[in-house]
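Subject: Structure handover

Hello,

Please find the structure below. My notes on it follow.

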Amino acid sequence: MKQRVITAVVALIVFVPLVWIGGVAFDILAILLGLVALSEILIMRKKLLVSPEAVISILAALAVLIPQNWLTFLPSDTTQFTIFYFFVLMLLTYTVFTKNRFSFDDAGMLILGTIYASVGFHYLMQARTVGISTVFYLLLIVWSTDSGAYMVGRKLGKNKLAPHISPNKTWEGSVGGVIIAMVIAGGFTLLYPQGVSFLSILLITLVLSIVGQVGDLVESALKRFYGVKDSGRILPGHGGILDRFDSLLFVLPVAHFIGLI
């Protein structure tokens, strides 16, 4: 527990000021987080980080992560999707040169893993361009849902939510996490409005709280499939970047889909 607390404090000391500063410093942080998350997927898949397929995947992730305004040296009609798809084609072409030792299935897994690890952090940068209050609103949804579900689950939890994936999670904890998120994150928007009505923000908070829990379960399923306890070891006592940002990787794209960022 002591190690978890120390790691959390150090991480917040680094993370929160960079969120506050924003700009290039925050963008670089988000890019690094995305690349580390992808490296955790590659390691779980037992891929060497210096292998050709890993290098192509990392370049594909950079195509998604790097802000469009950093690519002004390219022709004006070149989009991030165009660059990303170029690396997708490279992965598929690589299956030919390896005579299927690196297969279509391998390529599909790396493409999906690249999208999973990078798109969320891309929208984290987008959220910061909208405003610092938007970033903290989304973070509060994730943090309060996680903490609320843990506390309520420990006190009242009886009915397992997904015992085959995450045995400790309960329906009571899940509902409690949603309610606490609506109180805390919803209350935050009274001080820092998000450009929509309070009733709308409560509905958005409810949806994003549920989505965040789905993201948590998805990452748990990924780890269980590969037989690992944590996605990585970069955060002592907390695991890897995917372990800490699994909910946010789902919340951020959905927040974009509904027009919040």
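Fold and overall size

The protein chain has nine helices and two strands (DSSP runs numbered from the N terminus: helices are H or I with at least four residues, strands are E with at least two). Along the sequence their order is α-α-α-α-α-α-β-β-α-α-α.

This is a predicted model, in which local features need pLDDT of at least 70 and side-chain atom pairs count only at pLDDT 80 or more, while totals for chains, interfaces and linings use all residues. Residues are numbered from 1 along each chain as its sequence is written, and side-chain values use heavy atoms, with hydrogens and water left out.

The C-alpha trace spans about 55 × 45 × 30 Å along its principal axes. Of the 261 residues, 49% count as buried (buried means under 20% relative accessible area, exposed over 50%, partly exposed in between, with a 1.4 Å probe and protein chains only). The chain exposes about 13,800 Å², and carbon and sulfur atoms supply 70% of that area (Shrake-Rupley method, 1.4 Å probe; for residues, only the protein chains shown count as cover). Among contacts between residues at least 6 apart in sequence, 68% join residues at least 24 apart (contact means heavy atoms within 4.5 Å).

Helices 5 and 6

Helix 5 (residues 104-130) packs against helix 6 (residues 132-156) at an angle of about 130 degrees, with the axes 5 Å apart (axes are lines fitted to C-alpha atoms, for helices over the stretch in contact; angles run from 0 to 180 degrees between N-to-C directions). That makes helix 5 oblique to helix 6 (under 35 degrees is roughly parallel, over 145 roughly antiparallel, 65 to 115 roughly perpendicular, the rest oblique). Helix 5 contributes Leu124, Ala127, Arg128 and Val130 to the contact, and helix 6 contributes Ile132, Thr134, Val135 and Leu138.

Two residues

Lys46 lies in the loop between helix 2 (23-44) and helix 3 (52-65). Lys46 is not a glycine, yet has a positive phi of about 65 degrees. Lys46 is exposed, at a relative accessible area of 71%.

Glu53 is in helix 3 and is buried, with a relative accessible area of 10%. Leaving aside neighbours within four places in sequence, Glu53 is in contact with Lys47, Leu91, Tyr94, Phe102 and Leu110.

Regards
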